[in-house]
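Good morning, colleagues. Please look at the sequence and the structure as they come up, and I shall take you through them.

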Amino acid sequence: MIITEIIGNVDEISSAGRHIERVYLSSDDLVKRIQRVTTDHGKEVGIRLAQPKDLVDGDILYMDERNMMIVSVTSDDLLVLRPSCIKQMGEIAHQLGNRHLPAQFEDEVMLVQYDYLVEELLVQLDIPYTREERKVKKAFRHIGHSHG
């Protein structure tokens, strides 16, 4: 089976009454348009998306009256930052930006993939954080640019 488009997401389409098969992907794999994956039921599936769109947790790869195949993102090793003031937020955002490290925001926290150098920086700057295994909804995206 070759998947060429995303049908929708389980946030918008009910899975009630359907047998669910999951494709477990790391957040890094969400950006790959072409890949071969295996479902949790051992079925091999090719993904070759026609549109350049990142996969998201809960995306529906296949659906019929009785079955549904869903993307499920595995947990990442993350630093969960909780800056206590705008100054701390500005300092860490500037430092991460200089290192071209992607971040995500959920509620009142900033999420960054674990890096021991970033952890040392958080300690130096006295910014509250925890290290957690956590599932993100979408891929960490590097934003490319030049300093030309």
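This is a predicted model: local features need pLDDT of at least 70, side-chain atom pairs count only at pLDDT 80 or more; totals for chains, interfaces and linings use all residues.

H100 counts as partly exposed because its relative accessibility is 37%; buried means under 20% relative accessible area, exposed over 50%, and partly exposed in between, with a 1.4 Å probe and protein chains only. H100 sits in the loop between helix 1 and strand 9 (104-106). Its phi is near 55 degrees, a positive value in a residue other than glycine. Most residues other than glycine have a negative phi.

Residues are numbered from 1 along each chain as its sequence is written, and side-chain values use heavy atoms, with hydrogens and water left out.

A second residue with a positive phi is D107, at about 50 degrees, although D107 is not a glycine. D107 belongs to the loop between strand 9 and strand 10 (109-113). With a relative accessibility of 77%, D107 counts as exposed.

Let me turn to the chain as a whole. It has two helices and 11 strands; these are DSSP runs numbered from the N terminus, helices being H or I with at least four residues and strands E with at least two. Read from the N terminus, the order is β-β-β-β-β-β-β-β-α-β-β-α-β. Of the 148 residues, 34% count as buried. The C-alpha atoms fill a box of roughly 55 × 40 × 25 Å along the principal axes.

How do the axes of helix 1 and helix 2 cross? The axes of helix 1 (residues 86-98) and helix 2 (residues 116-125) come within 11 Å and cross at roughly 150 degrees. Axes here are lines fitted to C-alpha atoms, for helices over the stretch in contact, with angles running from 0 to 180 degrees between N-to-C directions. The two helices are therefore roughly antiparallel to each other, a term for angles over 145 degrees.

Finally, the residues that meet. On helix 1 they are Q88, E91, I92, Q95 and L96, and on helix 2 they are V118, L121, L122 and L125; contact means heavy atoms within 4.5 Å. These residues divide into six nonpolar, two polar and one charged, where Ala, Val, Leu, Ile, Met, Phe, Trp, Tyr, Cys and Pro count as nonpolar, Asp, Glu, Lys and Arg as charged, and the others, Gly among them, as polar.

Note on methods. Angles under 35 degrees count as roughly parallel, over 145 as roughly antiparallel, 65 to 115 as roughly perpendicular and the rest as oblique.
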